[in-house]
Amino acid sequence: MDELNDVLAAVGPRLRELRRQRGFTLARLAEATGISESTLSRLEGGGRRPNLELLLPLARVYGVPLDELVGAPHTGDPRVHLRPVRRHGMTFVPLSRRAGGLQAFKLVIPADGPAADPDPRTHEGYEWLYVLSGRLRLLLGDQDLVLKTGEAAEFDTHIPHWLGAADAAPVELLVLFGRQGERAHLRARSA
C-alpha cells in the first residue's frame, strides 16, 4: 500500500511540471480540460487524489499516455507503440513518448500533401529535421530551400515556415521538436 501511496503522491508534482513545461496557466488548462482551476490546483498540490475522470482529460490535452502521466512502473518493454496521426495532409508518427523536452517524429508528406499555395506559420519551439527520402521544400522566412535525402536543417519555429514535397514524390523526414526551444546538438553545414 505504501508503494501505491508513493505513486499517487508523485502525480501532483509531475502534473505541475508538465503544465509548466507546456506553458499552460491553470485557467487555460481548466478551459481545455473542463476541470475547475481549484480542482487542478488541489490535484497538483496533493490535496486531491488523482482519478481517471481527472487524468484522462489531462492526458488528452498534454498528448501523453496515461501511464506516463501517473509515472506507472515500466513494464520492461522498450518499444514505442507507434500511433500515426494525420494533420494538414501529413502523417506524423511519434517516435518518443517522454512528456516535455525534445519530441521525435517521423513525418511523411505525400506528393499531393500540403497545398501548392504555401501558408507559412509560426509557433513556440525549435525544430531539427533530416530528410530520409524524397525532396523536401522548406520555406523559412524569406528563404525557399529544397533539401535532398540525407540533408538536415534546424530552425527556430518563431520564424514563419512551411514544409512540403518539392516534386511529385512523397517525402519522409525525421523531426526533432522542442516545444520550449530546446536545440538538437547537431548542426547543419552551410552551403
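**Before you start**

The model is predicted, and for that reason local features need pLDDT of at least 70 and side-chain atom pairs count only at pLDDT 80 or more, while totals for chains, interfaces and linings use all residues. Residues are numbered from 1 along each chain as its sequence is written, and side-chain values use heavy atoms, with hydrogens and water left out.

**The whole chain**

Along the sequence the pattern reads α-α-α-α-α-β-β-β-β-β-β-β-β-β.

Now switch to a surface view, for which the accessible area is about 11,600 Å², with 53% of it belonging to carbon and sulfur atoms; such areas come from the Shrake-Rupley method with a 1.4 Å probe, and for residues only the protein chains shown count as cover. Of the 191 residues, 35% count as buried, where buried means under 20% relative accessible area, exposed means over 50%, and partly exposed lies in between (1.4 Å probe, protein chains only). Among contacts (heavy atoms within 4.5 Å) between residues at least 6 apart in sequence, 62% join residues at least 24 apart.

**Helix 1 against helix 3**

Select residues 2-22 for helix 1 and residues 37-45 for helix 3, which pack at an angle of about 120 degrees with their axes 6 Å apart. That angle makes helix 1 oblique to helix 3, because angles under 35 degrees count as roughly parallel, over 145 as roughly antiparallel, 65 to 115 as roughly perpendicular and the rest as oblique. The axes are lines fitted to C-alpha atoms, for helices over the stretch in contact, and the angles run from 0 to 180 degrees between N-to-C directions.

Next select Ala30 in helix 2, a buried residue with a relative accessible area of 14%. Leaving aside neighbours within four places in sequence, Ala30 is in contact with Ile35, Ser36, Glu37 and Leu40.

**Aromatic pairs**

A search of the whole structure finds three aromatic pairs, and two of them are visited here. Rings of Phe, Tyr and Trp (its six-membered ring) pair if their centres lie within 6.5 Å; planes under 30 degrees apart count as stacked, over 60 as edge-to-face and the rest as tilted.

Select Phe24 and Tyr62, whose ring centres are 5.8 Å apart and whose planes stand at 75 degrees, so the pair is edge-to-face. Phe24 lies in the loop between helix 1 and helix 2 (26-33) and Tyr62 in helix 4 (residues 52-62), so this pair ties together parts that are 38 residues apart in sequence. Both Phe24 and Tyr62 are buried.

Then select Phe92 and Phe105, an edge-to-face pair with ring centres 6.4 Å apart and planes at 85 degrees. Phe92 belongs to strand 2 (residues 90-94) and Phe105 to strand 3 (residues 102-109), and Phe105 is partly exposed at 22% relative accessibility.

**Two last stops among the strands**

Select His88, in the loop between strand 1 (85-87) and strand 2. Most residues other than glycine have a negative phi, but His88, although not a glycine, has a positive phi of about 55 degrees. His88 counts as exposed, at 65% relative accessibility.

Finish with Leu132 in strand 4 (residues 126-133), which is partly exposed with a relative accessible area of 38%. Leu132 and Leu173 are 41 residues apart in sequence, yet their C-alpha atoms are 5.2 Å apart in space. Leaving aside neighbours within four places in sequence, Leu132 is in contact with Lys106, Thr149, Glu172, Leu173 and Leu174.

Technical notes
Helix = DSSP H or I, 4+ residues; strand = E, 2+ residues; numbered from the N terminus.
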